[in-house]
Amino acid sequence: PAARAIVTAPTGRQVSEIVWREVLAFHTRATKRGYRLPVPGSRPGTGVRWGDGREIVGFTIDDSAPEAIAGFSGEHLQFVVDEASGVDDRVFEALDGNAAAGARFFLISNPTRTAGAFYDSQQPGSDYVALHISSEQSPNITGEATIPGLATTAWRDKMLAKYGAQSLFAAVRVRGEFPEAGDDEVFGATLVRTSMALQV
């Protein structure tokens with residue numbers, strides 16, 4: 001009772017056309033299996049609300065006004081941040097301000113940046129539990145199952161042939177690894193951090 005899930009992403013398109021589309025699809029599948037659930041609103045801001053105060057609400061984070069996400073509270077609060085690598089650090093600061101009663105955070109993203117709150121969340125010593133999933137672990141590639149919409153062997157092979165197995169694209173988009181350096185960097189962030197950590 002009174003549990004709240006706040007779902008967000010950097011753009012309105014990501015929230016409404018990707019995340020909220022999945023919420024609506026889950027509701028459809030659940031009701032077909034006999035679950036009685038409240039009907040989600042057609043828009044993320046309308047959300048899904050239960051009579052006992054539980055709710056799932058989705059909205060976009062505007063980097064120019066990170067305080068817009070402030071003010072959520074509750075003993076059982078969950079923030080789901082999609083494409084978290086693209087979310088400004090000031091937004092994460094506002095989210096942390098909501099966690100006074102013990103909120104949980106679930107960050108989902110391709111590792112596109114070697115700086116910022118999402119990058120920091122994946123480093124040793126972080127208070128997050130990091131889960132790394134390469135597209136090569138897709139059931140479509142391992143042969144465990146066929147799931148429409150997940151990476152396939154044909155896609156992986158095409159991307160590796162197009163960009164190269166050691167390319168930045170392959171590291172980030174195929175294997176889900178943080179890049180050692182950007183294509184336009186002389187010294188990558190990883191090399192700089194390693195050098196700074198060395199004791200002379």
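Helices (H or I, at least four residues) and strands (E, at least two) are DSSP runs, numbered from the N terminus. With that in hand, let us walk through the chain. The model is a predicted one, where local features need pLDDT of at least 70, side-chain atom pairs count only at pLDDT 80 or more, and totals for chains, interfaces and linings use all residues. Residues are numbered from 1 along each chain as its sequence is written, and side-chain values use heavy atoms, leaving out hydrogens and water.

The chain holds seven helices and five strands. Of its 200 residues, 33% count as buried, which means under 20% relative accessible area, while exposed means over 50% and partly exposed lies in between (1.4 Å probe, protein chains only).

Now look at serine 167, in the loop that links helix 5 (153-163) and helix 6 (168-174). Serine 167 is buried because its relative accessible area is 15%.

Next, turn to the surface. Asp89, Glu93, Asp96, Asp120 and Asp127 form a patch of negative charge there. Another member, aspartate 127, sits in the loop between helix 3 (117-121) and helix 4 (139-142). Aspartate 127 counts as exposed because its relative accessible area is 74%.

Key. Patches are made of residues with over 30% relative accessible area and no salt bridge: like charges are joined within 9 Å, nonpolar side chains (Val, Leu, Ile, Met, Phe, Trp, Tyr) within 5 Å. Accessible areas come from the Shrake-Rupley method with a 1.4 Å probe; for residues, only the protein chains shown count as cover. A salt bridge is a side-chain nitrogen of Lys or Arg within 4 Å of a carboxyl oxygen of Asp or Glu. Lys and Arg count as positive and Asp and Glu as negative; His and the chain ends are not counted. The place of a charge is taken as NZ of Lys, CZ of Arg, CG of Asp or CD of Glu.
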